[in-house]
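Reader: I'm new to this one. Could you walk me through how to read it, one feature at a time?

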Amino acid sequence: MSTREFFIKRWESEQPAFGKVLRAIPEGQLGYKPHERCSAAGPLAWQLVEEQKQLKEMVETGEVKFALTPHPAAAADIVAEWEKATGALRAAFAAADDAKWSGTAKLVMGEGAEWSDTLENMCWGYLFDMVHHRGQLSAYLRPMGGKVPAIYGPSADDSGA
């Protein structure tokens with residue numbers, strides 16, 4: 001198994017948990033944040049969508065120009081966009097080869113700020129960031145009136161069955 005195949009396998013194994021957490025956001029709660037210095041639930045959930053889109057662009061072109069976009073008004077619309085972005089990224093991964101995987105990729109953020117590494121390392125960095133933000137969002141669910149889904153095992157709200 002190549003490192004590209006291993007990454008895709010790990011990325012695929014995380015996708016159900018992302019979907020469960022996004023689907024658990026109660027409607028009407030996208031503005032919730034537990035502290036004034038925290039991101040609100042809507043932008044946090046939307047970041048997971050945007051990162052899937054950015055990864056697709058990076059896999060296809062080798063570069064992403066980072067820009068924040070406003071999230072939809074409904075949690076269900078965020079879920080729908082996440083599903084669409086995930087499918088598109090899945091197709092981009094399937095079309096990539098090992099040569100592209102070991103090639104250079106770049107994330108450009110504003111004027112002159114950039115992160116450059118192999119596509120492989122960029123993909124791992126994105127996945128780790130997404131897992132981090134999924135955990136952050138899952139901690140918001142119960143205070144928002146939602147239920148925390150099973151992620152790596154049962155939660156107090158979900159046996160995982």
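Author: Happy to. Keep in mind that this is a predicted model. Let's begin with a helix lying on strands: helix 2 lies across strand 1 and strand 2, and its direction makes about 140° with strand 1.

Reader: Which strands does helix 5 touch, then?

Author: Helix 5 packs on the sheet too, touching strand 1, strand 2 and strand 3. Its direction is at about 115° to that of strand 3.

Reader: How do I read the sheet itself? In what order do the three strands come?

Author: Look for the order and for the sense of the pairing. Here the three strands form an open sheet in the order 1-2-3, with mixed pairing. Strand 1 (63–65) and strand 3 (113–118) each have a single partner strand, so one side of each has no neighbour in the sheet. Ignoring direction, neighbouring strands are turned by 10° against each other on average.

Reader: How many bridges join strand 1 to strand 2?

Author: Three, and those two strands run parallel. To find one such place, go to Lys65: its bridge partner in strand 2 is Val108.

Reader: And strand 2 with strand 3: parallel or antiparallel?

Author: Antiparallel, over six bridges. Find Lys106 and you'll see Ser116 of strand 3 opposite. The two strands form a hairpin with three residues between them, and Gly110 in this hairpin takes a positive phi near 70°.

Reader: Where does helix 1 bend?

Author: At Glu14, by about 25°. A proline, Pro16, follows within four residues.

Reader: How should I think about which way the residues of a helix point?

Author: An α-helix has 3.6 residues a turn, so residues three or four places apart point the same way. Now try that on helix 1, whose buried residues include Arg4, Phe7, Ile8, Trp11, Glu14, Gln15 and Phe18.

Reader: What about the nonpolar core? Which residues touch the most other members?

Author: The largest nonpolar core has 43 residues, and those touching the most other members are Phe7, Leu22, Ile25, Phe93 and Leu137. At least two residues each come from helix 1, helix 2, helix 3, strand 2 (104–109) and helix 5. Helix 5 gives the most, with 10 residues.

Reader: Can we zoom in on Leu137? Is Leu137 buried or exposed?

Author: Leu137 is found in helix 5 and is buried, with a relative accessible area of 0%. Leaving out residues up to four places away in sequence, Leu137 touches Val21, Leu22, Ile25, Ala41, Leu44, Ala45 and Leu48.

Author: Setting aside residues up to four places away in sequence, Arg134 touches Glu14, Ala17, Phe18, Val21, Leu48, Ile151 and Tyr152. For Leu48, the C-alpha to C-alpha separation from Arg134 is 7.7 Å, though they are 86 residues apart in sequence.

Reader: One last stop. Where is Gly146 found?

Author: Gly146 is in the segment after helix 5. Gly146 has a relative accessible area of 13%, so it counts as buried. Beyond its neighbours within four places in sequence, its contacts are Ala24, Pro26, Leu141 and Asp157. Gly146 and Ala24 are 122 residues apart along the chain, yet their C-alpha atoms are separated by 6.2 Å.

Note on methods
Residues are numbered from 1 along each chain as its sequence is written. This is a predicted model: local features need pLDDT of at least 70, side-chain atom pairs count only at pLDDT 80 or more; totals for chains, interfaces and linings use all residues. Side-chain values use heavy atoms; hydrogens and water are left out. The bend at a residue is the angle between axes fitted to the seven residues ending there and the seven starting there. Buried means under 20% relative accessible area, exposed over 50%, partly exposed in between (1.4 Å probe, protein chains only). Contact means heavy atoms within 4.5 Å. A nonpolar core is a set of buried Ala, Val, Leu, Ile, Met, Phe, Trp, Tyr and Cys residues joined through side-chain atoms within 4.5 Å. Two strands pair if DSSP finds at least two bridges between them. Axes are lines fitted to C-alpha atoms, for helices over the stretch in contact, and angles run from 0 to 180 degrees between N-to-C directions.
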